[in-house]
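Here is a short briefing to read with the structure open beside you.

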Amino acid sequence: MFDQGHLSSFSTQGPRLGVPAVADDGRVFRYVKAGATALVVGNLQQASAEKTNHQNLTAPVAAIGATSVAVTLGATEAQANDYAEGFMVVTVTPGVGYQYRIKSHPAAAASASLTLTLEDPIEVALTATSRIDLVMNPFKDVIINPTTATSAPVGVAVYPITASQYGWIQTGGIATVLADGAITVGVNVSASNGTAGAIEAAVTAQAAIGYAITGIATTEYGTIMLTRE
């Protein structure tokens, strides 16, 4: 089931980030890279914070079949391969709706040109009218889910993956997670906006995580049906 054991931390990458694995009991896991802090078992994790200065960028002029494109960043730098295994998404026509996997790129300073090497060739020619977003792989550099969302929750840690190392988090099925406030069996649950890494009884404006399989006392860990898939 797992290319690398799900209760382990690895210094070198195995499968692609985000690849799923399903246990014979129905639990679903995805392969991740931890961010700058080790993951805490039973804590909800979030994708790395979005970089809004890397969105709605003027697209490069690119012909059909091109696999190398240069985009000009906004006022935030890019580290080498920040977007490797992520996506270049076309948000304004021509080419709107297409997403292209990013293979690699060098570092680039804020407001500088960034050359992307794509895994997928351009399908519809891009012009200066096109706009693109650079989207980091959500399973890269995951962080504990903060009380103020900076991206979207991706799953629950099942092992203390070392900072900047690789391993598996759970995204579906029976899961154990920290509660912020008492939770009644059967209710829907959301990402907490009061305790980092926790869940709480459902709040419409907060990301849906699943529903409670048992009642959970506040500050304790309990069982939910995790539905991030």
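**A lysine and its surroundings**

In this predicted model, the side chain of lysine 140 comes to 2.4 Å from the backbone oxygen of asparagine 81. You will find lysine 140 in the loop that runs between β9 (131-135) and β10 (143-144).

- Lysine 140 is buried but has no salt bridge, and the nearest side chain of opposite charge, aspartate 82, is 5.7 Å away.
- Beyond its neighbours within four places in sequence, lysine 140 is in contact with residues including Leu17, Lys33, Ser48, Tyr83 and Ala84.

**Nonpolar cores**

- The largest nonpolar core has 22 residues, and Met88, Leu114, Ile122 and Ile132 are among those with the most contacts inside it.
- At least two residues of this core come from each of β5 (68-72), β6 (87-92), β7 (99-104), β8 (113-118) and β9, with β8 giving the largest share, 3 residues.
- Apart from this core lies another of 14 residues, among them Leu44, Val156, Ala191 and Ile216.

**Aromatic rings**

- There are 3 aromatic pairs in the structure.
- Tyrosine 31 and tryptophan 168 have ring centres 5.2 Å apart and planes at 70°, so this pair is edge-to-face.
- Because tyrosine 31 sits in strand β2 and tryptophan 168 in strand β12, the pair ties together parts 137 residues apart in sequence.
- Tyrosine 31 is buried at 0% relative accessible area, and tryptophan 168 is buried at 2%.
- Tyrosine 98 and tyrosine 100 form a stacked pair, 6.1 Å centre to centre with 15° between the planes.
- Tyrosine 98 is partly exposed at 35% relative accessible area, whereas tyrosine 100 is buried at 1%.
- Ring pairs also join Tyr31, Tyr166 and Trp168 into a cluster.

Definitions and conventions
Residues numbered from 1 in each chain as written. Predicted model: local features only at pLDDT ≥ 70, side-chain atom pairs only at ≥ 80, totals over all residues. Heavy atoms only, no water. Helix = DSSP H or I, 4+ residues; strand = E, 2+ residues; numbered from the N terminus. Buried < 20%, exposed > 50% of the residue type's maximum accessible area, 1.4 Å probe, protein only. Lys, Arg positive; Asp, Glu negative; His and termini not counted. Salt bridge = Lys/Arg side-chain N within 4 Å of Asp/Glu carboxyl O. Polar contact = N/O pair within 3.5 Å; in protein donor to acceptor, adjacent residues only side chain to side chain. Contact = heavy atoms within 4.5 Å. Core = buried A, V, L, I, M, F, W, Y, C linked by side-chain atoms within 4.5 Å. Phe/Tyr/Trp six-rings, centres within 6.5 Å; stacked < 30°, edge-to-face > 60°.
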